[in-house]
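Hello,

Here is the structure for you to look at. Please open it first, then read my notes below.

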Amino acid sequence: MTSMMAVAAVWGVLQLFAISWPTRSVRLSTVLLALAVGVYGCGVATALAQLAYARIYAAQYRVLTSLPRP
């Protein structure tokens, strides 16, 4: 499922690039670089948000973890 979402995102970016081809203010390599940086940034932000949420949930409901409790 995740790979299909990634393919759909790349396909959408390529379609937008194809539509804007006549004006061509940016190169394809720049568009693909921006896409890669955006995907990487969203992945890191999602991982940090998930980590923060999991820690809050574990502390609130005292979920068993491998870390010793104070």
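**How the helices pack**

H1 and H2 pack with their axes 11 Å apart, at an angle of about 150°. Angles over 145 degrees count as roughly antiparallel, so H1 is roughly antiparallel to H2. The crossing of H1 past H2 is right-handed. Why quote two values for the pair? Two packed helices are described by the angle between their axes and the distance between the axes.

Keep in mind that this is a predicted model.

**The chain as a whole**

The secondary structure is quick to list: 2 helices and 0 strands. The chain has 70 residues, and 6% of them count as buried. It exposes about 6,400 Å². Carbon and sulfur atoms supply 72% of that area.

**A nonpolar patch**

Which residues make the nonpolar surface patch? They are Val10, Trp11, Leu14, Leu28 and Leu32. The patch covers about 420 Å². Helix H1 (2-19) and helix H2 (28-61) each give two or more residues to the patch. H1 gives the most, with 3 residues.

Look for leucine 14 in helix H1. Is leucine 14 buried, partly exposed or exposed? Its relative accessibility is 33%. Buried means under 20%, and exposed means over 50%. The value lies in between, so leucine 14 counts as partly exposed. Leu14 is also one of the residues in the nonpolar patch.

Best wishes

Definitions and conventions. Residues numbered from 1 in each chain as written. Predicted model: local features only at pLDDT ≥ 70, side-chain atom pairs only at ≥ 80, totals over all residues. Heavy atoms only, no water. Helix = DSSP H or I, 4+ residues; strand = E, 2+ residues; numbered from the N terminus. Buried < 20%, exposed > 50% of the residue type's maximum accessible area, 1.4 Å probe, protein only. Areas by Shrake-Rupley, 256 points an atom, 1.4 Å probe, with all protein chains shown as cover. Patch = residues over 30% accessible without salt bridge, like charges linked within 9 Å, V, L, I, M, F, W, Y side chains within 5 Å. Salt bridge = Lys/Arg side-chain N within 4 Å of Asp/Glu carboxyl O. Axes fitted to C-alpha atoms, helices over the stretch in contact; angles between N-to-C directions. Parallel < 35°, antiparallel > 145°, perpendicular 65-115°, else oblique. Left-handed = near helix turned anticlockwise from the far one by under 90°.
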